[in-house]
Each structure stands twice: as C-alpha cells, then as structure tokens.
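Q: Could you take me through one part of this protein up close? I'd like to start with a strand pairing and go on from there.

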Amino acid sequence: MTFRLTSAEFSDGQRIPKRYTCEGEDRSPLLAWSGVPPATRSYLLACDDPNAPAGIWHHWSLFNVPVAVTALREGLSCHTHVDAMREAVNDFGEIGYRGPCLPPGHGVHHYHFRLLALDIEQLSLKEQAKCKEVEAAARAHVIATTELVGTYFR
C-alpha cells in the first residue's frame with residue numbers, strides 16, 4: 001500500500017475551501033493518511049506555499065504526531081499541546097495553522113501539505129521552534145513523505 005495523504009475537503013490539485021483561509025475561519029482542514037511505512041514512530045505535518053512573493057512561506061508545522069494517529073480533525077490547530085503533538089511558529093510569527101492568505105491579484109498559489117513519516121517518536125526542540133527548525137531537525141529521520149497540494153487565489 002502506498003503512503004498517502006488525503007482530505008475530505010479538497011482533492012490533490014483542487015481549490016482549498018474558503019473556510020480554511022484568512023478570508024474564512026482560518027481553520028486547519030481535516031486530513032487523513034494511509035499506507036504507513038512499518039518503521040514509522042511519529043509524523044511531521046507541514047504546510048508551505050512556494051509561490052509566496054518572498055519565497056517559501058511556512059503556514060504550519062505540526063510535529064511529534066503519534067504513530068497511532070492516522071487523521072487530524074478540522075480545526076485541530078489550537079495553539080496548545082494536543083497529546084504529545086506540538087506546533088511550530090509559522091512565518092506569520094504565530095504558533096499553529098494559518099491558511100492561505102496571499103496578496104489579492106497575485107495569481108494561483110499552491111499549498112503543499114506534506115506528511116513525513118519519521119523513525120523517531122519525538123523531536124526534541126525548544127518551545128517556540130520555527131517551522132524551518134522543525135523540518136531541519138526531522139530531515140535525518142524521514143522514512144517516507146506524501147503530499148497533498150491545494151490551490152487558492154483571490
């Protein structure tokens with residue numbers, strides 16, 4: 001079985017519903033995954049926009065997601081610890097999820113929700129770690145990666 005990330009809210013390459021953006025409720029979407037590699041001990045979920053005017057913009061990083069978790073409910077990002085899970089400081093300077101919020105008239109942006117299967121149960125990072133720091137710490141522990149890309153424009 002192939003490692004796969006999906007959402008009931010949008011399919012790969014489709015438009016992200018407005019409620020998951022700064023024009024809506026700015027809540028994280030429901031996400032689920034399957035085909036987990038056997039050596040997986042935890043997950044890292046990241047959401048980035050490579051089309052941002054300043055380069056890659058980090059919208060979310062959720063890490064230390066337990067291996068038993070195979071789905072994240074809508075609106076999970078609550079700026080607090082959920083079980084062992086932690087959220088990083090995004091490029092908006094906030095902890096947690098911030099959805100698409102691109103400049104009007106900037107064209108279509110692609111939001112890459114990436115799920116990394118890791119061979120370690122927890123990443124030991126300082127409080128208020130930034131998304132870039134989380135991804136750098138995880139790099140040596142990645143077993144597999146899957147991605148779901150949503151689009152948005154305004």
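Which residue stands opposite Leu5 in β2?

A: That's Trp33. Quick caveats: this is a predicted model, where local features need pLDDT of at least 70, side-chain atom pairs count only at pLDDT 80 or more, and totals for chains, interfaces and linings use all residues. Residues are numbered from 1 along each chain as its sequence is written, and side-chain values use heavy atoms, with hydrogens and water left out.

Strands here are DSSP runs of E, at least two residues, numbered from the N terminus, and two of them pair if DSSP finds at least two bridges between them. β1 and β2 (residues 31-34) have three bridges and run antiparallel. They belong to an open, antiparallel sheet ordered β1-β2-β5. β1 (4-6) and β5 (71-72) are its edges, each with a single partner strand, so one side of each has no neighbour in the sheet.

The other open sheet has five strands, in the order β6-β4-β3-β7-β8, again with antiparallel pairing. In it, β3 (residues 42-49) and β4 (residues 57-66) share eight bridges, and Ala46 sits opposite Ser61 in β4.

β4 also carries Trp57, which forms a pair with Phe92. Ring pairs have centres within 6.5 Å; planes under 30 degrees apart are stacked, over 60 edge-to-face, and the rest tilted. This one is edge-to-face, at 5.4 Å centre to centre with 80° between the planes. Phe92 lies in the loop between β6 and β7, so the pair ties together parts 35 residues apart in sequence.

Notes
Helices (H or I, at least four residues) and strands (E, at least two) are DSSP runs, numbered from the N terminus. Rings of Phe, Tyr and Trp (its six-membered ring) pair if their centres lie within 6.5 Å; planes under 30 degrees apart count as stacked, over 60 as edge-to-face and the rest as tilted.
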